[in-house]
Structures are given as C-alpha cells and as structure tokens.
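Biologist: Hi! Could you walk me through this model?
Modeller: Happy to, here it is.
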Amino acid sequence: MDRDVEVMSRSPFEAAGADGDGFADRWHARTDASVSAIDGHAHVFVQGLPMLRERRHTPDYSATVDDYARQLAAQRISHGVLVQPSFLGTDNTFLLGVLARYPKRFRAVVVVEPEIAEARLEALARCGVVGVRLNLLGTALPDLAQPSWQRFMARIKALDWHIEVQRQAVDLPYLLNPMLRSGCKVVVDHFGRPEPRQGTADPGFQYLLGQGDSGQVWVKLSGAYRCAAGHADPAGQAFGERASRLLLQAFSSSRLLWGSDWPHTQHRQWVDFAAAKASLAQWVPDPLARLNVLRHTAQDLFKFSQ
C-alpha cells in the first residue's frame with residue numbers, strides 16, 4: 001500500500017503521532033471554528049519520523065500539533081495551512097494524519113513525485129490537500145518542459161490546486177514561466193527568496209513583481225529572516241517592510257498571504273510565533289488590506305469555505 005494513502009486505513013490518532021496533552025483536540029472541538037484568520041505556512045513534525053538520507057536540515061526537537069494549536073489560539077488565528085517539511089521528503093503520512101484528526105482546522109500542501117498515480121492525487125484531495133510543494137533549495141532545477149512535468153502540471157490544474165515554489169529568486173523566471181503557461185496557480189514562498197545582499201533589487205524579485213497582473217501568482221509574506229542581510233537585521237524586519245510595500249503595489253492584498261513559518265527552522269533564535277504575527281501589522285499597516293491577507297485571500301485559495 002502507498003505510504004501517502006496508508007494513513008487513511010490507520011488510526012488518525014496513531015498516524016499523527018498524538019502523544020501530547022490533547023490541547024489541539026479541545027481547540028478543534030470548540031464551536032467558534034468560523035474562519036477569523038489563517039496562518040498560510042507552518043510545519044508540524046515529531047522526533048523519530050523517517051527522514052531523507054540527503055537533507056539540508058535535521059531538527060533535534062518536535063513541533064507538535066498541540067504546540068502549534070497553542071500558538072494559533074494565543075494569536076486568535078482560527079485555521080492553518082501545514083506544509084510538508086523538506087526533510088520528510090515525499091512521505092506525507094504524518095501530515096495526512098493531522099488532517100484526518102482536524103479536518104475543519106487545517107489544509108495541507110504535500111510533496112509528491114510528478115509520476116504519482118491519479119488515484120493517489122484524488123485521495124489526497126479528499127483528505128484536505130490543496131497544493132503540492134516544489135522545495136528546490138539545494139537541488140538541481142527540474143526541466144518543466146519534459147512530458148512528465150507537463151502532465152503533472154495539467155493534473156494539478158484539473159484539481160484546482162496550486163504549486164508552491166521555494167527557490168532563490170534568480171531562478172524564478174525559469175520555473176514560473178512554464179507553470180504559468182500550463183495555467184496552474186503558483187504560490188511563491190518566503191517573499192521569493194531574493195539574495196540577501198541584493199534584497200528587493202534582486203532581478204528575480206523584480207521579475208516576481210512583474211507577475212502581479214497574471215492573476216495566477218500568489219506570494220507568501222513569511223520567513224523574512226530567510227532573506228535577511230547580515231547581523232544588522234537578523235529577523236528580516238526591515239527587508240519585510242520594503243518587500244511588502246512593493247508586493248502590495250504589484251499584487252494587491254488579494255494575491256498576498258501571510259505565514260508564520262512556525263517553528264522557524266534554523267532561525268528559532270531570531271523570532272517566535274508572536275513576533276511573526278506582529279510583523280504583519282508593520283508590513284501591511286492598512287487594516288482592510290491586512291484582513292484580506294490574513295483571511296479572505298487565504299480562505300479562497302486554500303479552500304477553507306469547502
């Protein structure tokens with residue numbers, strides 16, 4: 001049985017590694033579960049999960065569903081989008097277990113091979129998956145003109161999912177152009193990951209700004225510390241303000257999303273969930289635009305109304 005589908009025949013409690021104190025269960029059971037705000041990018045995992053042999057990062061801690069639910073509740077965020085961590089590869093079992101336990105509260109973005117069977121994609125959609133992630137940091141760039149990728153993108157479009165891309169900004173033209181030609185929705189991670197010393201002057205970031213009129217591209221205001229230049233601004237706050245202003249002009253709030261990037265892997269010393277949430281008020285000072293970013297745009301793209 002395929003590992004991604006196996007979770008549907010197992011206990012969701014077991015599959016999600018539910019060894020916490022049940023806070024997430026109590027939070028999920030609350031009757032005030034209408035959408036108030038959405039965290040568009042977070043990760044959950046526990047120690048002991050099988051990891052890729054070749055990986056960029058190995059966390060020495062767990063980021064449990066209970067811990068994440070506490071963060072959401074403290075910041076009055078009602079829903080979240082869970083993204084498959086790179087170090088778990090295409091084994092989405094744990095992530096699907098979380099979805100099975102909390103179908104009202106979470107949606108997910110998975111990592112799969114482009115040759116994945118049609119039945120598996122349809123099963124993932126029924127579980128609450130709304131997109132696939134291409135985390136291409138430190139990897140060879142795929143040739144999206146190849147027939148296997150063309151077929152894959154056509155299937156993603158047919159499901160009305162999005163493709164989430166994480167790659168340095170310099171390579172965004174190479175990646176986004178064939179995706180846009182395929183008609184897919186594209187979500188660009190972490191401000192587009194411009195080169196920190198260039199910041200918003202990075203040609204790749206300038207290319208991204210030019211996609212605001214496409215109607216197919218969304219950008220996540222998340223992980224500004226991943227674009228920070230040096231010790232003067234390790235949390236990336238100054239960069240986030242500059243980049244958000246330009247992205248709002250290019251995309252408007254109807255194409256921007258906010259994500260906490262919890263648990264802030266490899267950057268936990270610079271930021272926490274509360275600080276990530278507080279940053280959005282500085283990046284998007286207009287309350288109505290901020291409400292779009294936090295709720296309306298994300299609710300539609302991530303299918304929380306369904």
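Modeller: First, a definition: helices (H or I, at least four residues) and strands (E, at least two) are DSSP runs, numbered from the N terminus. This is a predicted model, where local features need pLDDT of at least 70, side-chain atom pairs count only at pLDDT 80 or more, and totals for chains, interfaces and linings use all residues. Residues are numbered from 1 along each chain as its sequence is written, and side-chain values use heavy atoms, with hydrogens and water left out.
Biologist: Which of its residues are buried?
Modeller: Gln237, Phe239, Gly240, Ala243, Ser244, Leu247 and Phe251 are buried in H10 (under 20% relative accessible area, 1.4 Å probe, protein chains only). Seen down the H10 axis, these buried residues fall within an arc of 130°, so they line one face of the helix (the arc is that of the directions from the helix axis to the C-beta atoms).
Biologist: What covers them?
Modeller: The cover includes helices H9 (203-209) and H11 (273-283), plus strands E7 (217-221) and E8 (256-258).
Biologist: Zooming out, how many helices and strands does the chain have?
Modeller: There are 12 helices and 8 strands in the chain.
Biologist: And how much of it is buried?
Modeller: Of its 306 residues, 56% count as buried.

Note on methods
Buried < 20%, exposed > 50% of the residue type's maximum accessible area, 1.4 Å probe, protein only. Contact = heavy atoms within 4.5 Å.
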